[in-house]
Amino acid sequence: MTEAATRRRTPGAPCWVSLMVHGLATTQEFYGALFGWEFRPGPQQLGPYVRAMLDGKEIAGIGQLPPDRHLPIAWTPYLATDDADVTAESIRSHGGTVGVGPLDAGDAGRMAIGSDPSGAVFGVWQATAHLGTALAGTHGTPVWNELMTRETSTVGKFYAAVFGYEVEPGTSADFDQLTLRLDGRPVASVRGVGQALPRDRGAHWMTYFEVADTDESARLVRELGGQVLRPPHDAATGRAAAVSDPEGAVFTLVTTATG
């Protein structure tokens, strides 16, 4: 069990994940049972909002959508910045859009929610009191973020320009894939899937959550009212399964390969 950095994150580093749902109480029950999360109230600027906790440390956020808002239910990664306003302007000037903010989330920090030129939604977080996910590498913690998009070239340039990533193309000619690096360290990946991109969701970021046993967690997802979209399988990163929660938010379970 390792503690994530408790200092301000490098600009561009994924630092938080959040989910906006209609049923806040039932969603807490689902993730509480699946990951062992407990919940505490968080900033209420955008409505009812809780922070998921493990061992007293903040892991993720879950908020409640107003009843009349029918947005896609999806996990959203937040990328660190030293200045949310400057980053929001950069998003716009490089072909993206800013849908929310920048706005202050109490004394926790300043945020914005934007989308890249392909339409994939992500957040921007300028930390003050709240530095982001405070635990990594153990059951129920975010371990990786991957952008699923039609093709990688255009969006790769966008993220490099806005966040300063070094973009490393994949080594296989059969796959359209990029790795995004900061200071030489991989922080996220981009996968171009062409026509295989789901029409009902379009380009989107996928959050990977570490679990102790992918097969057992996938079974539990079904038992708790979610769906298994791709059954447990051995992947390069470890044993993985794509699943969704009862409101349809898609995420990946992974037991990271060691050794």
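Asn145 stands opposite Thr207 in β15. Two strands count as paired here if DSSP finds at least two bridges between them. Six bridges join β11 to β15, residues 204-210, and these strands run antiparallel.

A word on the model. It is predicted: local features need pLDDT of at least 70, side-chain atom pairs count only at pLDDT 80 or more, and totals for chains, interfaces and linings use all residues. Residues are numbered from 1 along each chain as its sequence is written, and side-chain values use heavy atoms, with hydrogens and water left out.

Back to the residue. Asn145 lies in strand β11, residues 142-149. Helices (H or I, at least four residues) and strands (E, at least two) are DSSP runs, numbered from the N terminus.

Is Asn145 buried or exposed? Buried, at a relative accessible area of 7%. The cut-offs: buried is under 20%, exposed over 50%, partly exposed in between, with a 1.4 Å probe and protein chains only.

Now its contacts, meaning heavy atoms within 4.5 Å. Leaving out residues up to four places away in sequence, Asn145 touches Pro14, Val17, Pro77, Ala188, Ser189, Trp205, Met206 and Thr207.

Next, the sheet. It is open, with eight strands in the order β12-β13-β14-β11-β15-β18-β17-β16 and mixed pairing. β12 (166-169) and β16 (227-235) are the edge strands, each pairing on one side only. From one strand to the next, the twist averages 25°. Axes are lines fitted to C-alpha atoms, for helices over the stretch in contact; angles run from 0 to 180 degrees between N-to-C directions.

Last, a helix. α1, residues 24-35, packs on the sheet and touches β15, β17 (238-244) and β18 (250-256). The direction of α1 makes about 10° with that of β18.
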